[in-house]
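Open the model in your viewer and keep the selection tool at hand. This tour goes stop by stop.

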Amino acid sequence: MKILDAVKQQHAALTTLRRDIHAHPELAFDEHRTAALVADRLEAAGIETHRGIGRTGVVGVIRAGTSKRAIGLRADMDALPMQERNTFPHHSKHPGRMHACGHDGHTTMLLGAAEHLARHPDFDGTVVFIFQPAEEGDGGGREMVEDGLFERFPMDAVFGLHNWPGLPAGSFAVHAGPVMASADRFDIEVLGHGAHAAMPHLGVDPVVAGSALVQALQTVVTRTLDPLDPAVLSVTQFHAGEAYNVIPDRARITGTVRAFSTEVQAQIEAAMQRICQGIGTAYNVNVRFNYMRGYPATINTPAEATVCAEVARALVGEGGVRTDVKPSMGAEDFAYFLHEKPGCYVWLGNGPGEGGCTLHNPNYDFNDAVIPTGVTYWVNLAQRLLAASAA
């Protein structure tokens with residue numbers, strides 16, 4: 001509790017910082033102001049700082065004691081391309097850009113933890129603070145890995161945190177296994193033969209074929225997969241034609257696939273390919289199918305999840321930590337880090353989500369009341385994993 005009390009003394013200043021970041025949102029790989037702010041504060045705290053990792057990422061390093069053990073703590077920095085509807089003073093100053101997922105809060109909490117540990121390096125080993133760009137679909141985590149993150153900054157395990165509306169403010173959810181799904185995309189083009197709508201026998205209708213295809217795709221999850229393997233296949237776009245009286249010559253169908261294992265992803269892709277071929281034959285159309293792998297599933301390693309749950313319980317009590325919350329079919333590019341290292345990605349409760357305060361909603365705002373809890377969790381986790389007695 002002494003750490004929490006010390007962090008609470010910084011609460012007002014950290015809230016001001018969080019709201020400043022919120023008011024100046026930056027999109028993927030354009031986080032120049034945010035990255036500079038982070039790097040400047042790390043350097044001001046006497047922390048070894050590295051800029052431009054994974055294009056606009058920032059890494060800070062604190063070493064204490066003699067142990068060679070090292071851990072990574074990660075926060076994301078980017079905003080979303082959407083218009084904010086909030087009218088409070090710290091609303092977005094940039095039309096069409098908004099911190100609607102709480103990355104402003106994540107950045108602030110990790111900065112607060114770095115500054116606290118710089119003042120009180122009560123651990124034995126190395127803490128690597130990872131401020132990642134471009135989480136919202138552009139693969140900033142992958143970029144950092146490809147830029148040599150783990151070679152340049154060796155670490156034994158890596159940890160992430162995301163606020164979660166719907167969980168009580170300041171509580172935690174910890175998963176020992178899958179926590180976020182993979183996110184694949186698909187494009188399907190159905191090529192027929194255009195004709196006058198009053199003379200359909202003179203054409204080959206891609207709209208009818210595409211409609212049958214959409215219906216058939218809904219059997220992939222329900223009739224191809226084991227019912228105990230969670231997956232989602234959603235068709236999200238169907239584009240065809242421009243006139244009331246013209247049968248178009250093509251239709252375009254797109255969507256997303258979510259799963260928790262590469263085996264299920266492969267099963268879905270193969271089934272979709274088979275259905276596309278079958279619809280093409282049945283309706284005399286040419287079906288072009290393109291399946292694009294996106295973020296892999298985010299899967300926590302059990303040992304690290306156990307430690308995170310223990311650290312969270314020590315901070316907020318037994319009742320404040322849940323290990324039975326269902327994983328999300330949303331995706332998270334922290335997965336790229338967990339493909340390289342063991343680790344754990346936890347959810348920190350942001351409150352009930354009333355009035356549209358949910359992720360990716362134009363009325364969302366990060367709950368500043370949970371900043372001290374998040375900062376203290378990071379500090380306690382570093383101290384637990386790098387305790388001198390564990391050397």
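One definition before the first stop: Ala, Val, Leu, Ile, Met, Phe, Trp, Tyr, Cys and Pro count as nonpolar, Asp, Glu, Lys and Arg as charged, and the others, Gly among them, as polar. Keep in mind that the model is predicted.

**Stop 1: the largest pocket.** About 650 Å³ of space lies in this pocket. Select Gly-137, Ala-183, Arg-258, Tyr-295 and Ala-331. Of the 31 lining residues, these are the closest to the pocket's centre. Now color the strands S5 (157-165), S8 (183-191), S10 (231-240), S12 (250-259) and S13 (286-295). Each of these elements gives two or more residues to the lining. How do the residues of the lining divide? Ten are nonpolar, eleven are polar and ten are charged.

**Stop 2: the largest nonpolar core.** This core has 62 residues. Select Phe-131 and Tyr-377, which touch the most other members. Stay on Phe-131 and show its contacts. Leaving out residues up to four places away in sequence, Phe-131 touches Val-38, Leu-42, Gly-57, Val-58, Ala-75, Met-77, Thr-107, Leu-110, Leu-111 and Met-144. Another core, of 28 residues, lies apart from the largest one. Select Val-257, Ala-259, Val-287 and Tyr-291, which are among its members.

**Stop 3: Glu-115.** Find helix H4 (residues 103-119) and select Glu-115 within it. Is Glu-115 buried or exposed? Its relative accessible area is 12%, so Glu-115 counts as buried, the cut-off being under 20%. Now show its neighbors. Not counting residues up to four places away in sequence, Glu-115 touches Arg-41, Ala-45 and Ile-47.

Notes
Residues numbered from 1 in each chain as written. Predicted model: local features only at pLDDT ≥ 70, side-chain atom pairs only at ≥ 80, totals over all residues. Heavy atoms only, no water. Core = buried A, V, L, I, M, F, W, Y, C linked by side-chain atoms within 4.5 Å. Buried < 20%, exposed > 50% of the residue type's maximum accessible area, 1.4 Å probe, protein only. Contact = heavy atoms within 4.5 Å. Helix = DSSP H or I, 4+ residues; strand = E, 2+ residues; numbered from the N terminus. 1 Å grid on protein atoms, 1.4 Å probe; cavity = no way out; pocket = protein on both sides within 12 Å on 5 of 7 lines; lining within 4 Å. Points joined across faces, edges and corners; volume = space filled by probe spheres on them.
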